[in-house]
Amino acid sequence: AKEAKSGVTLYRPSMHTDDSSRLLLLGDLRRALDATDQLTLHYQPKVRLSDGGLHGVEALVRWQHPTRGPISPAEFIPVAENTGLINRLTLYVLRLALQQVRGWLDGGLAIPVAVNLSPRCLLDSELVRHVTGLLREHGVPARLLRLEVTESAVMANPAQATATLTELHDLGIHLSIDDYGTGYSSMAYLKQLPVDELKVDRTFVQHMDTDQDDAILVRGAIELGHNLGMTVVAEGVEGTAHAAALRSLGCDIAQGYHYARPMPGPDLDRWLQEQRA
Ligand code: C2E
Ligand code: CA
Ligand code: CA
Ligand code: CA
């Protein structure tokens, strides 16, 4: 923490990387998991580039802290990932997401939902049992659930990750490689995984019009994904030009502010109606 000349400690977001603030955040997060109104999900549409239709949505957790206000998942997910709390948080998110899918089903809409899985969750021996139980509890078919994992999550422990992913896939759950391009993974490994979707990280997509290397990476990722029989999703699509470029490169799906920001579940109905209008 930096001290002002007066000796007063200035508030800085980076303070929360201190051990003590991490501990505070962790305690607050533990309480948030016991509360009912602090953690919610927003859903961001994934749109087909061919016809603009809805491919599915990604569930993204939101935390409304009782005194600090909204805290970004980019801040609290890494803290939770360093402890076992990420396993509880993941089950909490899965439960909310499946409740929402159930709600949409009851309203006549079958909308596939993607949930993010932290690396640690792939090492949790209880995960498959819990996911199976939650699907059954909410009466949601496994094919409406997709789990997103990063390359680094897989490469951290390839054998166990592959075993867990294979079990999930055998249940009928779909799997995606998230943030593709930011980690390292070999084609040999990707080929072995029961994964049917590759999500190209938004940092490459966002600069593909100005940075030649990024453009090459995006093009290469689309080619690789297709060669492996996968659907390719571009993240962070913010403008018409990007959407057009991706379409001409043969990218299948786009996700980003250009189409929609993440929104509360009930708002998706209205968004769908606007798309049809
Ligand atoms: P992610 O999985 O890569 O999710 C996509 C992030 O990009 C989201 O940030 C989303 O709001 C943002 N985004 C979407 N479109 C655009 C765009 O056009 N431009 C820009 N600049 N950003 C866009 P968010 O919701 O803040 O989440 C950040 C990260 O936190 C996620 O990255 C994911 O790694 C993690 N996260 C979020 N929710 C969960 C969760 O429920 N469980 C776990 N384990 N991680 C989560
Ligand atoms: Ca994701
Ligand atoms: Ca991502
Ligand atoms: Ca990311």
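## Basis of the description

The model is predicted: local features need pLDDT of at least 70 and side-chain atom pairs count only at pLDDT 80 or more, whereas totals for chains, interfaces and linings use all residues. Residues are numbered from 1 along each chain as its sequence is written, chains are lettered from A and ligands numbered from 1 in the order in which they are written, and side-chain values use heavy atoms, with hydrogens and water left out.

Donors are N, O and S atoms within 2.8 Å of the metal, or 3.2 Å for Na, K and Ca; water is not among the atoms, so sites may look incomplete. Distant parts of the chain are linked here, with glutamate 58 in strand 2 (residues 54-65) and asparagine 116 in strand 4 (residues 113-116), 58 residues apart. Strands (E, at least two residues) and helices (H or I, at least four) are DSSP runs, numbered from the N terminus.

Glutamate 58 is buried, at 5% relative accessible area, while asparagine 116 is partly exposed at 28%. Buried means under 20% relative accessible area, exposed over 50%, and partly exposed in between (1.4 Å probe, protein chains only).

Aspartate 179, in strand 6 (residues 174-180), bridges the calcium ion (ligand 3) and the calcium ion (ligand 4), which lie 3.6 Å apart. The protein donors of the calcium ion (ligand 4) are Asp179 (OD) and Asp179 (OD), at 2.8 to 3.0 Å. Aspartate 179 is partly exposed, with a relative accessible area of 23%.

## Surroundings of glutamate 235

Glutamate 235 lies in the loop between strand 8 (231-234) and helix 10 (240-248) and is buried, at 10% relative accessible area. A polar atom of its side chain is 3.2 Å from the backbone nitrogen of arginine 202. Not counting residues up to four places away in sequence, glutamate 235 touches Asp178, Asp179, Lys199, Val200, Asp201, Arg202, Val205 and Gln255, where contact means heavy atoms within 4.5 Å.

## Packing of helices 2 and 3

Helix 2 (residues 73-81) and helix 3 (residues 85-106) pack with their axes 7 Å apart, at an angle of about 125 degrees. Axes are lines fitted to C-alpha atoms, for helices over the stretch in contact, and angles run from 0 to 180 degrees between N-to-C directions. The two helices are therefore oblique to each other; angles under 35 degrees count as roughly parallel, over 145 as roughly antiparallel, 65 to 115 as roughly perpendicular and the rest as oblique.

Phe76, Ile77, Ala80 and Glu81 of helix 2 meet Leu85, Ile86 and Leu89 of helix 3.

## Proline 262

Proline 262 is located in the loop between strand 9 (253-254) and strand 10 (263-264). Beyond its neighbours within four places in sequence, proline 262 contacts His42, Tyr43, Gln44, Leu60, Arg62 and Tyr257.

How values were computed: A polar contact is a pair of N or O atoms within 3.5 Å; within protein, one must be able to donate a hydrogen and the other to accept it, and residues adjacent in sequence count only if both atoms are side-chain atoms.
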